[in-house]
Amino acid sequence: MLSRILVAVDDSEGGKKAFDYAIAISKKFESSLLIAHIIEEYGTVGHSIVTELEQDSQRTLKKYQSTAKDLGLKSSQVSVIARKGMDVAEKILEIARDENMEAIVVGGRGKYLSSDSFLLGSTSSKLVHYGGHTVIIVK
């Protein structure tokens, strides 16, 4: 049923709540958990900034992976992945397809808020409307 779960994280409160929820699901169903972090690419960002963003992404993933193990998931249940892209939702869906995930867990709002997403973050909204996976949005 829910044997393969993808949780997309960032350093937002929503990302942390999504992670906690994904942990609870993984424990209940003994699911594998793939923790994903998307590095948003912008055309005007220089090489040194991209390098810094990649290093920050790796630190974020290691922190969440360690926390998952501390909360009782087995090492064999937890893996991490980082991707770069201009559209976070597109990259999350790409990972979900490539890794054959059954469900995606995300926060209702991410690190960056936009004025065009009053009720639901733009990434979570896109995941619901354009993806073929079960999407769990944690508020």
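User: How many salt bridges does the structure hold?

Analyst: The predicted model holds seven salt bridges.

User: What makes the contact between Glu54 and Lys84 a salt bridge?

Analyst: The side chains of Glu54 and Lys84 meet at 2.8 Å, N to O. The criterion requires a side-chain nitrogen of Lys or Arg within 4 Å of a carboxyl oxygen of Asp or Glu, so the pair qualifies. Glu54 belongs to helix α2 (residues 47-70) and Lys84 to strand β3 (residues 78-85), so the bridge ties together parts that are 30 residues apart in sequence.

User: Why are Glu54 and Lys84 called partly exposed?

Analyst: The category lies between the buried limit, under 20% relative accessible area, and the exposed limit, over 50%. Glu54 has a relative accessible area of 29% and is therefore partly exposed. Lys84, with 33%, is therefore partly exposed as well.

User: Why is the pair Arg59 and Asp56 called a salt bridge?

Analyst: The N to O distance for the side chains of Arg59 and Asp56 is 3.9 Å. Because the cut-off is 4 Å, this pair is within the definition. Arg59 and Asp56 are three residues apart in helix α2, and are thus separated by about one helical turn. Asp56 has 25% relative accessibility and counts as partly exposed.

User: How do you know that Arg83 and Glu94 form a salt bridge, and which parts of the chain does the pair link?

Analyst: The closest N and O atoms of Arg83 and Glu94 are 2.8 Å apart, and the limit is 4 Å, so the pair meets the definition. This pair links distant parts of the chain, with Arg83 in strand β3 and Glu94 in helix α3 (residues 88-98), 11 residues apart. A network of salt bridges links Arg83, Lys91, Glu94 and Asp98.

User: What makes a set of residues a nonpolar core, and which residues have the most contacts inside the largest one?

Analyst: A set qualifies when buried residues of the nonpolar types are joined through side-chain atoms within 4.5 Å. The largest such core has 20 residues, and those with the most contacts inside it are Ile5, Val7, Phe19, Leu33, Ile35 and Val105. Helix α1 (13-29) is one of the elements that each supply at least two residues; its five residues are the largest share.

User: Which residues does Ile35 touch?

Analyst: Leaving out residues up to four places away in sequence, Ile35 touches Val7, Val9, Phe19, Leu61, Tyr64, Gln65, Val78, Ser79, Val80 and Ile81.

Terms used: Residues numbered from 1 in each chain as written. Predicted model: local features only at pLDDT ≥ 70, side-chain atom pairs only at ≥ 80, totals over all residues. Heavy atoms only, no water. Helix = DSSP H or I, 4+ residues; strand = E, 2+ residues; numbered from the N terminus. Buried < 20%, exposed > 50% of the residue type's maximum accessible area, 1.4 Å probe, protein only. Contact = heavy atoms within 4.5 Å.
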